[in-house]
Amino acid sequence: MSEAPAAAAEAAELGRRLQEFLGRYYRRVRVEGLRPLAGGAHRQTWAFDALVEDGEGQQRLALVYRSGPPPGATGGMPIGREYRVLRAAYLSGVPVPRVYPLTDDPFEPVEMLVMERVEGESIARRILREPEFAEARRLLPRQLGQALARIHRIDVVRHGLDDLPAPPEGVAPARHALENLRATYEAVALVPSPVFELAFRWLGERLPPSRLRTFVHGDYRLGNLIAGPEGLRAVLDWEGAHIGDPMEDVGWCCVRSWRFGHDHLPVAGLGQREELRAAYEEADGPEVEWEAWRWWEAYGNLRWGIICIMQARRSLDGHEPSVELATIGRRVSETEWELLHLMEGR
């Protein structure tokens, strides 16, 4: 079968499955305009419209379908858990695409991930540079703090999220995260980095006390959100959600690489740390301690540096030859430079 007929057959089969899935919750459903979107290498994303009829009449829903992790994949979140995470975030007031159906029971089996299609911009460099986002750039640092406070207040028990990855009982989230990162580093590093070795020692000597364990997004940064001219519209990419220290998200949001060249603005290249902190605490987020923030920001830079090594190894080892992946490996030096500044107390 040629590529075009194969794609058409795939779309037809997916359309049939989506119509059947949504048909369990609406009297009538018609799927229209099904089309693939650019996405990750391992998970497909499709946009479509659904004409549905319920007790309130007919309506048109702009939706997105995301496939689950491929069979045998070691990473990625199962569909059922990702649905519960998105459902919990939506019901907790986080700006996030609404999932369909929005069931009363978080444990009701849901085998397809279908969500609202939120229009807007997700490419970080456009948000940071295009004139139409000038007002958004002014508002986003505070909006990011407010949304993050809501994320950290998600009630994991109420929303059936007790099965999220979490540190073992009695082990501080910071220690657990650092030990796991060390194991990853030792598994992927071809040549030891003196700066990374120093960073591991520095972090190990300054472990912050663990007083809180909350829901953590796990990848909260510019590039994983949708913005419009008025600012934040939706937070995306929840596959890394887990239980941990809320300062992990705060520190990750300020990693130098997520500033995309606007290094003088530590909060995602958009604003100052004080703007994020004030909005976060005003929205009932836990009180922020700078030393814990500094620790998690340093940890985040180290984590990204090790991810850069992992990305380069995917190409250099021949598993996925790619100039882009190899280039990411060269960014290790950026994280080393930032770590040196953070460790000297800049």
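**Labels and their cut-offs**

Reply: Gladly. Asp263 counts as partly exposed at 32% relative accessibility, where buried means under 20% relative accessible area, exposed over 50% and partly exposed in between (1.4 Å probe, protein chains only). Before we go on, this is a predicted model, in which local features need pLDDT of at least 70 and side-chain atom pairs count only at pLDDT 80 or more, while totals for chains, interfaces and linings use all residues. Residues are numbered from 1 along each chain as its sequence is written, and side-chain values use heavy atoms, with hydrogens and water left out.

Me: What makes Asp263 and Arg256 a salt bridge?

Reply: The term asks for a side-chain nitrogen of Lys or Arg within 4 Å of a carboxyl oxygen of Asp or Glu. The closest N and O atoms of Arg256 and Asp263 are 2.9 Å apart, so the pair meets the rule. Arg256, at 23% relative accessibility, is partly exposed. The count by this rule is 30 salt bridges.

Me: Why is Arg221 called buried while Asp219 is called partly exposed?

Reply: The 20% limit falls between them, because Arg221 has 19% relative accessibility and Asp219 has 21%. These two residues also form a salt bridge, with their closest N and O atoms 3.1 Å apart.

Me: How do you know that Arg221 lies over the face of Trp258?

Reply: A charge sits over a ring if NZ of Lys or CZ of Arg is within 6 Å of the ring centre and within 35 degrees of the ring normal. Arg221 is at 4.0 Å from the ring centre of Trp258 and lies over its face. Arg303 lies over the face of Trp252, also at 4.0 Å from the ring centre.

Me: Why is the aromatic pair of Trp258 and Trp304 called tilted?

Reply: Rings of Phe, Tyr and Trp (its six-membered ring) pair if their centres lie within 6.5 Å, and planes under 30 degrees apart count as stacked, over 60 as edge-to-face and the rest as tilted. Trp258 and Trp304 are 4.8 Å centre to centre with 55° between the planes, so they pair and count as tilted. Trp258 is in the loop between α7 (247–253) and α8 (273–282) and Trp304 is in helix α9, so the pair ties together parts 46 residues apart in sequence. Here helices (H or I, at least four residues) and strands (E, at least two) are DSSP runs, numbered from the N terminus.

Me: What makes a set of residues a nonpolar core, and which members touch the most others in the largest one?

Reply: A nonpolar core is a set of buried Ala, Val, Leu, Ile, Met, Phe, Trp, Tyr and Cys residues joined through side-chain atoms within 4.5 Å. The largest has 100 residues, and Leu18, Phe48, Phe215, Leu222, Trp238 and Leu302 touch the most other members. Helix α9 (residues 290–316) gives the largest share, eleven residues. Leaving aside neighbours within four places in sequence, Leu302 is in contact (heavy atoms within 4.5 Å) with residues including Leu181, Phe196 and Leu339.
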